[in-house]
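Q: Could you show me how to read the features of a model like this one? I would like the general idea, then the case at hand.

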Amino acid sequence: MENTTASAAPAAAARRIPRLSLARLGILGALLTNRKAAIGVGIITFFVLVAIFAPVIAPTRDPNRMVGRPHEAPSLEHPLGTTRQGQDVFTQIVWGTRITLMVGFVTGTVVILIAVIIGISSGYMAGWSDEILSLLTNVVLVIPALPLIIVIAGFVDRPGPETIVLVLASISWAYGARVLRAQTLTIRNSDFVAAARVVGEPTWRVVLNEILPNMTSLVVSAWIGAVLYAVLTEATLEFIGLGNPNIVTWGTILYWAQNNAALMTNAWWTFIPPGLCIALVGFALVLINYGIDEISNPRLRTDRVQKKKKKAKAAVCPGSR
């Protein structure tokens with residue numbers, strides 16, 4: 001009896017130890033507790049550091065400067081070879097990281113700010129305000145981004161990253177606003193929101209302190225989706241020649257590789273590295289999004305724990321099912 005009590009005491013003490021909640025850990029801490037999200041954060045952090053320390057990694061300030069022979073294969077002097085114009089591909093990728101990530105992060109931030117303002121305002125306020133904002137959201141939803149940018153590119157001489165950011169930010173917020181509006185309609189009838197109203201809290205304080213914190217995972221997920229969409233769209237538009245080819249980004253590197261027939265001349269080093277960078281950034285953002293789903297959805301966490309228990313049980317008892 002004493003042995004049983006003694007063995008049960010540590011187990012009871014272990015159960016009494018509170019686990020760190022996701023709210024206490026914060027967004028970054030919560031992401032690092034998830035394996036998928038941690039890998040994604042690590043990849044994005046790597047590219048952000050490359051963009052920040054570009055002058056140290058690639059001291060050449062002008063990535064368009066000719067430094068070697070045309071289509072020179074990768075070597076110690078040029079780790080990723082040279083382009084048809086004799087430009088160093090490694091230098092172009094390092095400096096192109098800055099503009100590509102800038103377009104993605106700035107566009108995603110502007111998109112989510114507009115989506116949060118319009119979506120939460122539409123969902124929290126009833127009457128004609130909700131009808132007008134919903135009508136505006138539905139109109140923007142049916143506007144295609146690519147044809148609009150093609151039309152704008154026809155009027156703007158050499159549209160640069162600023163044009164792409166402006167167009168994408170002005171028409172990409174509608175889907176996120178609709179999702180946030182639907183979530184706000186559910187939360188605004190909650191008891192804690194009603195209690196805040198009874199106490200006499202102003203509308204802006206109710207929205208910032210009661211409604212918005214309960215949609216943190218949804219907002220972060222929408223921001224990640226907007227960043228991914230912006231990075232891929234910017235690369236696509238520049239690849240088909242709708243950007244400024246004189247500005248070095250991952251998309252313009254692919255554009256010049258296509259124009260110089262890199263695939264026909266087997267100059268793989270001019271299109272595989274930038275394409276791989278775009279794929280890695282997209283893969284990292286998708287991993288972070290999956291991680292947020294697992295963190296914010298208790299059912300997914302429960303399923304993952306159950307799978308681990310089944311694997312452990314199968315390892316201990318191989319014959320059991």
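**Reading the model**

A: Leaving aside residues up to four places away in sequence, V140 touches S170, I171, W173 and A174, where contact means heavy atoms within 4.5 Å. This is a predicted model, with local features needing pLDDT of at least 70 and side-chain atom pairs pLDDT 80 or more, while totals for chains, interfaces and linings use all residues. Residues are numbered from 1 along each chain as its sequence is written, and side-chain values use heavy atoms, without hydrogens and water.

Q: Is V140 buried or exposed?

A: Buried means under 20% relative accessible area, exposed over 50% and partly exposed in between, using a 1.4 Å probe and protein chains only. V140 counts as buried because its relative accessibility is 8%. V140 sits in helix α6 (residues 128-141), and its C-alpha atom is 8.6 Å from that of S170, 30 residues away along the chain.

Q: How many helices and strands does the protein chain have?

A: Helices (H or I, at least four residues) and strands (E, at least two) are DSSP runs, numbered from the N terminus. Here there are 15 helices and zero strands. Of the 321 residues in the chain, 39% are buried.

Q: How do α3 and α14 cross?

A: Axes are lines fitted to C-alpha atoms, for helices over the stretch in contact, and angles run from 0 to 180 degrees between N-to-C directions. The axes of α3 (residues 35-52) and α14 (residues 272-296) cross at roughly 145 degrees and come within 7 Å. Contact residues include I39, I43 and F47 of α3, and L280, F283 and L287 of α14. By class, the contact has 15 nonpolar, two polar and two charged residues; Ala, Val, Leu, Ile, Met, Phe, Trp, Tyr, Cys and Pro count as nonpolar, Asp, Glu, Lys and Arg as charged, and the others, Gly among them, as polar.

Q: What is the volume of the largest pocket?

A: On a 1 Å grid over the protein atoms alone, a pocket is an open set of points with protein on both sides within 12 Å along at least five of seven lines, and lining residues have an atom within 4 Å of a point. Grid points are joined across faces, edges and corners, and a volume is the space filled by probe spheres set on the points. The largest pocket comes to about 410 Å³. Of its 21 lining residues, V111, S172, W173, Y175 and G176 are the closest to its centre. Helix α12 (216-239) gives the most to the lining, six residues. The lining divides into 17 nonpolar, four polar and no charged residues.

Key:
1 Å grid on protein atoms, 1.4 Å probe; cavity = no way out; pocket = protein on both sides within 12 Å on 5 of 7 lines; lining within 4 Å.
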